[in-house]
Amino acid sequence: MCLHFSTTMPLSTQSQAQDEQYVLVASLDNARNLSNILKAISFKDHAIFSATTNGLKVTVEDSKCLQANAFIQAEIFQEFTIREDLVGFQVTLTVLLDCLNIFGGSTAPGVSTALRMCYRGYGYPLTLFLEEGGVVTVCKIKTQEPEEPIDFEFCSSNVTNKVILQSESLKEAFSELDMTSEVLQITMSPSQPYFRLSTFGNSGNAHYDYPKDSDMMELFRCTKTQINRYKMSLLKPTTKALALSCKVSVRIDNRGILSLQYMVRNDDGQICFVEYYCCPDEETDDE
Amino acid sequence: MNCVLEGNCVKAFGRAIHALSRIGEELWLDPMVGGPAASLLVLQLALRSVNAAHSAYACFLFSQLFFQHYSLGSASEQGNETVKCKLVIKSLLPLFRCLTSIERNVERCQISISTPSDRVTIQFFCRHGITKTHSFRFQESEALQAVFASHSCPNVLQAPASRLLSDTVMHFPVSQEEITLSVTPLRLSLRNHYERGNVHMKIINTEISLPPDEFDAFQVGVDSDITFCLKELRGLLSFAESHCLPVSVHFGAAGKPVCFSVDNLVLKATVVLATLIDSESGGPSQSPETPAPTTPRCAGAAAPPVGSYDAGNSKPQDFPAVTELIASSQGSPIINPPALGQPCAAISASTMICSLLFRALSSEQEDAADDLPVLASRSDTEEEED
């Protein structure tokens, strides 16, 4: 990655001719609308970027058991131009986040970093033009061959149990989770305890119960009692996405694979989604 | 035992746990039957903690009135069958870590002890129908209770239900281990205490004096200087401040324990701290048989009561006033304090912390206690403090 500094060249004056060499150009008046959501999935170094006319999907995976996807629809961007059906590349996420926050990431009102993200195609770096207060920084980040993200084959028709909760009720539970427990057990059932998070730590057990008629429970659709355990180390990173979100949907399919979908409102009130897929811990059986 | 606390009381209970965590690593949850008259069965719940060196003890006693519901369950009301459980404070503290969140969210808390499964269950019933259930294994263990006869203390002070003591100790840095409290009938002063041998030049000395009229009660029978561990006291002072309770202080001469207590209609909290006998010459000597403790230094020298204190010599020792070892620019001679580090057997009690004498709550142990030298005695029918 290399940085060039220049002054007095706002991003909008770049010539049209330069744009034609890029297969992807995405612009945001406020880079935080991208950086905040990427921070929520930054539990690993590398991220796979996948762009279509619908927008941008960023994927981060861990040990073949956990996958996080952040979706930023094309409508969120002030400009989103794509010249191919699918544009994919992989970058070091931590470097990208450092660049997006290059002006210090201050949250002074009315001051934001503008971003123009450009990609020429396979073999080229990802170019970021960042501007704040008239100062422009150009960052070129090396890209890598994108790995194929895992397809968990999770589909709605196989979902056994689903709930949608207001994030507020889960935030406290997640911040209090006993980290000495190796697993987080999720119980979903049409009968008591309905929706339960359990930990089994060194000093004892804890259960967090959310009844189906709680006013925090926006949707409750459980057909069969399921108890599954997931490695705590895999689920703990989801706390970041939970913190940004206002609602979360929890779905478990007939194989015990967990899907968490977080509805995140960005600085401008627009909705983006972050989703996590997690495989159950192998030691247990699905009841 | 099964009890239910409502909203605000949960916060008070949490504060008690915070205060106890300043003392020791373990907590005894002790449902009991107690009261001044044997005929009046008053149910209480005691939370006790002791530090590793047995030089600090705290007890929070909640009466039945504190609870929305309190029962000893299927156990006999005589109390013989009640279980005494010992829990690790580190497991309990996270449940009560954020008191503001408890205030906002928790409507009710239920605590129950189950003997067959050796578990204590703490259940929080929160807003929006959410329930949090925590269960811990406990160890069945006789609780220790500090033996302290407050009625025989010559000095009794009561700080008003304001922030008097909290504001006073605020002037000492959080790292300050011990302070010395000196009283005469005319004034009370608090100053920091440092271990002899520390580089005096780099220490900021703080001394605060308070006149008797700052106190609701100021009875000084014996002029004394007592040095005790401040860190262990801070928990009780925060508790008193948050509940706007006056703090009573009972003590005697250096070497005898000091007792800080607060009470209102529904609860009584007590912290008993050992004091240095020689409060002026610096740190306590280390008993060679005692393993190096990990608790604060002020607890470091406590040796078992056996053989370390001559029961016949219950009067405070007189020591020459020892001046600080700072070479005077005037060339005055340096006075050397008495030597420290004497072996346990030959101890002259010159610079030793007297550990508090503990007696197990069950009366069967009294014969053992008779052979030990007693720091303070308790009569058969009274609780440890009146």
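This is a predicted model: local features need pLDDT of at least 70, side-chain atom pairs count only at pLDDT 80 or more; totals for chains, interfaces and linings use all residues.
Residues are numbered from 1 along each chain as its sequence is written, and chains are lettered from A in the order in which they are written. Local features need pLDDT of at least 70, while totals for chains and interfaces use all residues.

**View 1. Helices and strands of chain A.** Chain A holds six helices and 19 strands, where helices (H or I, at least four residues) and strands (E, at least two) are DSSP runs. The radius of gyration of chain A, taken over C-alpha atoms, is 21 Å, close to the 19 Å that the globule rule (2.2 Å times the number of residues to the power 0.38) gives for 287 residues, so chain A is as compact as a globular protein of that length. Along the principal axes, its C-alpha atoms fill a box of roughly 65 × 40 × 35 Å.

**View 2. The interior of chain A.** Of the 287 residues of chain A, 51% count as buried, meaning under 20% relative accessible area with a 1.4 Å probe and protein chains only. Among contacts (heavy atoms within 4.5 Å) between residues at least 6 apart in sequence, 68% join residues at least 24 apart.

**View 3. Where chain B meets chain A.** Here 16 residues of chain B are in contact with 17 residues of chain A. The two chains bury about 1300 Å² between them, which is the accessible area (1.4 Å probe) that both lose on being put together, summed over both. On the chain B side, B:H128, B:I130 and B:K132 lose the most area to chain A, together 39% of what that side buries.

Note on methods: Side-chain values use heavy atoms; hydrogens and water are left out. Buried means under 20% relative accessible area, exposed over 50%, partly exposed in between (1.4 Å probe, protein chains only).
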